[in-house]
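User: I am new to this structure. Can you walk me through how to read it, feature by feature?

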Amino acid sequence: MANRELLLPVIALVGWTFVMWTWMYATRIPAIQRSRMKLDPYAPRGQQMSELPPEVRWKADNYNHLMEQPTQFYAVALVLALVAGTTSVDVNLAWTYVVLRVVHSLVQSLVNIIELRFALFLLSSLVLLAMTVRAGLLLL
């Protein structure tokens, strides 16, 4: 049962990523329209989007962050779910990681306090490290 329970945080974080994707476009498209920006396929990557207000860019920055370290979370969580012996500790670590990433998203998207974002990133990284060590030990 714990193996199946470990997959719920994986799906939750994927779902949250789609929330951020929606929020990103819900703010970006109106901002592009308000600024009457002409989208230029020849502009260097990111140049045009850098002209948008910071509050709009923060959502896109966070969406990109959800494509980075969380990919390691998905891999480790799937290993833990596939290996016999997954415990409630693994499930709690996975949910802790997801909650920390959601809070990180909200901080970055709403107020973007870098020190707070870093603290949340550090904590989530330590949780992911613990999950990785537990997965490694199970595979030995």
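Analyst: Start with the order of elements. This is a predicted model. Read along the sequence, the chain runs α-α-α-α-α. That makes 5 helices and 0 strands.

User: What box do the C-alpha atoms fill, and how many residues does the chain have?

Analyst: Along the principal axes, the C-alpha atoms fill a box of roughly 55 × 30 × 25 Å. The chain has 140 residues, and 41% of them count as buried.

User: How do I describe two packed helices?

Analyst: Take α3 (residues 70-82) and α5 (residues 114-139). They pack at about 35 degrees, and their axes are 9 Å apart. The crossing of α3 past α5 is left-handed.

User: Which residues make the contact between α3 and α5?

Analyst: From α3 come Gln72, Phe73, Val76, Ala77, Val79 and Leu80. From α5 come Leu128, Met131, Thr132, Arg134, Ala135, Leu138 and Leu139. Sorted by class, the contact has 10 nonpolar, 2 polar and 1 charged residues.

User: What volume does the largest pocket have, and which residues are closest to its centre?

Analyst: Its volume is about 280 Å³. The lining has 13 residues, and the closest to the centre are Arg28, Gly46, Met49, Ala60 and Asn64. Two elements give two or more residues each: α1 (2-35) and α2 (54-65). The largest share, 6 residues, comes from α2. By class, the lining divides into 7 nonpolar, 2 polar and 4 charged residues.

User: Now single residues. Is asparagine 112 buried or exposed?

Analyst: Compare its relative accessibility with the cut-off. Buried means under 20%. Asparagine 112 has 17%, so it counts as buried. Asparagine 112 sits in the loop between α4 (88-110) and α5. Leaving out residues up to four places away in sequence, asparagine 112 touches Trp58, Val107 and Arg117.

User: And valine 19: where is its place, and how exposed is it?

Analyst: Valine 19 is in helix α1. Its relative accessible area is 40%.

Methods
Residues are numbered from 1 along each chain as its sequence is written. This is a predicted model: local features need pLDDT of at least 70, side-chain atom pairs count only at pLDDT 80 or more; totals for chains, interfaces and linings use all residues. Side-chain values use heavy atoms; hydrogens and water are left out. Axes are lines fitted to C-alpha atoms, for helices over the stretch in contact, and angles run from 0 to 180 degrees between N-to-C directions. Helices (H or I, at least four residues) and strands (E, at least two) are DSSP runs, numbered from the N terminus. A crossing is left-handed if the near helix is turned anticlockwise from the far one by less than a right angle, and right-handed if clockwise. Contact means heavy atoms within 4.5 Å. Ala, Val, Leu, Ile, Met, Phe, Trp, Tyr, Cys and Pro count as nonpolar, Asp, Glu, Lys and Arg as charged, and the others, Gly among them, as polar. On a 1 Å grid over the protein atoms alone, a cavity is a set of points where a 1.4 Å probe fits but cannot get out, and a pocket is an open set with protein on both sides within 12 Å along at least five of seven lines; lining residues have an atom within 4 Å of a point. Grid points are joined across faces, edges and corners, and a volume is the space filled by probe spheres set on the points. Buried means under 20% relative accessible area, exposed over 50%, partly exposed in between (1.4 Å probe, protein chains only).
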